[in-house]
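Keep the sequence and the 3D view open while reading.

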Amino acid sequence: MDEAKEELQEVVTFLKQPERFTAVGARIPKGVLLVGPPGTGKTLLAKAIAGEAGVPFFSISGSEFVEMFVGVGASRVRDLFKKAKENAPCLIFIDEIDAVGRQRGAGIGGGNDEREQTLNQLLTEMDGFEGNTGIIIIAATNRPDVLDSALLRPGRFDRQVTVDAPDLKGRLRILEVHARNKKIAPEISIETIARRTPGFTGADLANLLNEAAILTARRRKEAMTMLEINDAVDRVVAGMEGTPLVDSKSKRLIAYHEVGHAIVGTLVKDHDPVQKVTLVPRGQAQGLTWFTPNEEQGLTTRAQLMARIAGAMGGRAAEEEVFGDAEVTTGAGGDLQQVTGMARQMVTRFGMSDLGPLSLAGQTGEVFLGGGLMSRAEYSEAIATKIDAQVRALAEHGHQIARQIIRDNRAVIDRLVDLLIEKETIDGEEFRQIVAEYTEVPEKEQFVPQL
Ligand code: ZN
């Protein structure tokens, strides 16, 4: 996490040599907000700063402040700052600050008094000490959008550092750390694992190698092979493996559903390529189609979003075409939720519908108590009706693309379903080869990150 490290290097200097800044009249920041999804190493980073600067580290979680008894939270804040002042220079780390720091008055029924008192106490304490007492507060959150604006004012948490999921290079370095005490077969390079895990956080990677080690032990092997790594990746992403269904009508239906996703994903040019299709249940899912995500952290085009909508519709479309409208199942529930979410964003955030280039979304983009209700009123009832119509049109368009592909490729779909029921898993390469015997498969450009 080179960017985050760069920014925080300065905090270490603040703690170690504050005079370098005060000499030229610079005000030392009091608070730094680390923003990023869970598991990306925000706590570790804060600890590392304290360690590097050689100062004490006080840590508390936002959820610990919010107790059932009135006044406990506020007194905890007072105690924490008292202890910190006695030990200055030092670093205070507040994890999950959104648990106390939410926008005041945003809850149902006037908000949570206890939480508000705690937040007020925190603000008072932060204002109460001067910048050069040598106390720096680092707070972590994955929801900066819900924080009370008073927290983000100058003199409080006025610096934000983004801590995101690591890129390829970052994953490689993290894996090297966690692989130190593991036995890995010599033919596996850590780079292969890093390439296999886009989107994984540091915690996911640690978890992945541990799961792979457990599988290795269970299979009584000397060292983990790519087999264990791949199984562990699936497990971390999609949950525990279940027992496959016996061949039955519902297994056939699930097979058609998954092949539906995979064939639409394969034949729509702008869709990510299929990695594998499987009928081995995991977590809630009875079957799964995996796609290889493009790791380029760039922009997403309208065509790509449309392709994803069509791909997500592929499952339901196959059920309809093969079994008829009366036999469609609840299996597409998650797919439809995804489709609706994407279509709504296309209309309200990205100006990709007939409503034109307008942003019609609230600030948070999510319905949140209080805040979300207010942002709803930003457009008229008439616009709301139009939005719904556009969302429906986009979803229906994707649905029609998917149904057409299923109709046009019924022969290969039947063959793939038989093969899937027999083998339980088909990998992407084999899937594409079989489809290519029947129809032209579009080339897909995959961005390969360089080390
Ligand atoms: Zn599905």
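## The zinc site

The zinc ion has the protein donors His257 (NE2), His261 (NE2) and Asp335 (OD), which lie 2.0 to 2.1 Å from it. Donors are N, O and S atoms within 2.8 Å of the metal (3.2 Å for Na, K and Ca); water is not among the atoms, so sites may look incomplete. Along the chain, the donor spacing reads H-x3-H-x73-D. His257 sits in helix H12 (residues 249-267) and Asp335 in helix H14, so this pair ties together parts 78 residues apart in sequence. Helices are DSSP runs (H or I, at least four residues), numbered from the N terminus.

His257 is buried, at a relative accessible area of 6%. Asp335 is buried too, at 13%. Buried means under 20% relative accessible area (1.4 Å probe, protein chains only).

## H14 against H16

Helix H14 (residues 333-348) packs on helix H16 (residues 381-408) at about 125°, with the axes 9 Å apart. Axes are lines fitted to C-alpha atoms over the stretch in contact, and angles run from 0 to 180 degrees between N-to-C directions. The two helices are therefore oblique to each other. Oblique covers what is left after under 35 degrees (roughly parallel), over 145 (roughly antiparallel) and 65 to 115 (roughly perpendicular).

In H14, the contact residues include Val339, Ala343 and Val347; in H16, they include Ile387, Val391 and Leu394. Contact means heavy atoms within 4.5 Å.

## Basis

The model is predicted: local features need pLDDT of at least 70, side-chain atom pairs count only at pLDDT 80 or more, and totals for chains, interfaces and linings use all residues. Residues are numbered from 1 along each chain as its sequence is written, and side-chain values use heavy atoms, with hydrogens and water left out.

Methods
Buried < 20%, exposed > 50% of the residue type's maximum accessible area, 1.4 Å probe, protein only.
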